[in-house]
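My entries follow below the structure.

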Amino acid sequence: MTKTAERRPAAAPAPTAPAPAPAGDRGRRRLTDQLRAYAFLLGGLLCFVLFSWYPAIRAVVIAFQKYTPGSPPQWVGTANFTRVWHDPEFAAAWRNTFTFTLLALLIGFAVPFLLALVLNELRHAKAFFRVVVYLPVMIPPVVSALLWKWFYDPGAGLANEALRFLHLPTSNWSNGTHTALVSLVIVATWANLGGTVLIYLAALQSIPGELYEAAELDGASLLQRIRHITIPGTRFVILMLMLLQIIATMQVFTEPFVITGGGPESATVTVLYLIYKYAFLYNDFGGACALSVLLLLLLGAFSALYLRLTREEGDTA
C-alpha cells in the first residue's frame with residue numbers, strides 16, 4: 001500500500017520594500033505640508049501682524065512726524081524727541097518709573113518668595129491657601145485699584161481707621177508726595193502676588209526632598225537650608241522672574257491713572273502715564289510715540305537679556 005505524500009503549502013513570497021519616491025515628489029510633498037501648516041496659521045499670523053507689529057512700526061514712524069488726526073502728517077525728524085526731552089515732567093516720569101521698579105523688586109521679590117516657602121512647608125489646607133493667595137490675580141486691575149483707592153482714603157479709609165484703632169498716627173497714603181509711590185507699589189505687589197507665588201512654589205517642589213533630609217541630618221538650620229539648597233535650586237527661576245518683573249513694572253499705568261492721577265505734584269507720573277497725557281490730553285501723538293520709542297528701546301534691551309539667558313539655560317539643560 002503506497003503512502004500519499006503530504007502537500008506542504010507554498011511559502012509566501014517575502015514582502016518587497018516599496019520603491020523610494022523620486023526626489024522631486026518628496027520635495028513637492030514637503031512643500032505641500034508646509035503650505036498647509038502655514039494656511040492653518042495664517043489667521044493667527046494676520047491678527048498678530050495687524051494688532052501687534054503694525055501699531056509698533058506705525059508708532060516708530062509717527063515719532064518722527066508732526067501728527068494730528070484729520071491733517072496730513074509732516075516729517076519733523078528728531079524734533080519730537082527734543083521736545084519731550086525738555087519737558088519738565090520727562091525727568092520726573094523716568095525717575096518715578098525707575099523708583100517704582102526698584103521698590104517693586106525689593107517688595108515684590110521678597111514677599112512672594114517668603115510666602116512660597118511658607119506654603120511649601122504646609123501639611124494641611126494647601127489648596128485653600130493657594131486659592132487665597134491667587135485670588136487677587138482674578139480681580140480686574142481697575143476694580144483692584146478702585147478698592148485700594150477707597151482703602152487709602154485719608155478720611156474714612158480702612159487703612160487710617162485701623163491705625164486709629166491701634167492709636168497710631170495716620171498717613172496721607174496715596175495723597176502724600178512722599179508716600180504715594182510706595183502706596184502704589186503695595187497695590188501692584190498685592191495684585192500680582194498670586195502668579196509669582198505659584199511659580200516659586202512650583203520651583204521649590206522640583207527640588208529633591210533628599211537634599212533637605214540630608215541637610216537636616218547634618219544639623220543644618222532653616223536659614224542654612226534656604227541659603228545652600230533652596231536659593232541655588234531656584235536661582236534660574238528667580239532671575240527670570242526678576243527680569244519679567246522689571247519689564248512689567250516699567251509699564252505701570254493702571255495704578256497711577258486710577259488711584260492718584262499722576263499726583264500729587266507729579267509724584268506718581270510714570271513714563272506710560274506721560275505717554276497717555278501726550279496722546280489724549282495734549283493731542284500730541286508725535287511726542288507720545290517718541291516717548292514710546294524710548295521706552296521700547298529700554299524694554300527691548302531687557303527682553304534681549306531675558307531671551308539670551310533662557311536660551312543659555314536651554315542649551316545647558
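I started with Glu 210, which I located in helix 9 (helices are DSSP runs of H or I with at least four residues, numbered from the N terminus). The model is a predicted one, in which local features need pLDDT of at least 70 and side-chain atom pairs count only at pLDDT 80 or more, while totals for chains, interfaces and linings use all residues. I kept in mind that residues are numbered from 1 along each chain as its sequence is written, and that side-chain values use heavy atoms, with hydrogens and water left out.

I found Glu 210 exposed, with a relative accessible area of 56% (exposed means over 50%, buried under 20%, partly exposed in between, with a 1.4 Å probe and protein chains only).

Next I turned to helix 10, residues 222-233, where I noted Arg 225, Ile 226, Ile 229 and Thr 230 as buried. Seen down the axis of helix 10, these buried residues fall within an arc of 120°, so they line one face of the helix (the arc is that of the directions from the helix axis to the C-beta atoms). An α-helix has 3.6 residues a turn, so residues three or four places apart point the same way. On the other side of helix 10 I listed Leu 223, Arg 227 and His 228 as exposed.

Last, I looked up Val 61, which is found in helix 1 and is partly exposed, with a relative accessible area of 31%.

Note on methods: Helices (H or I, at least four residues) and strands (E, at least two) are DSSP runs, numbered from the N terminus.
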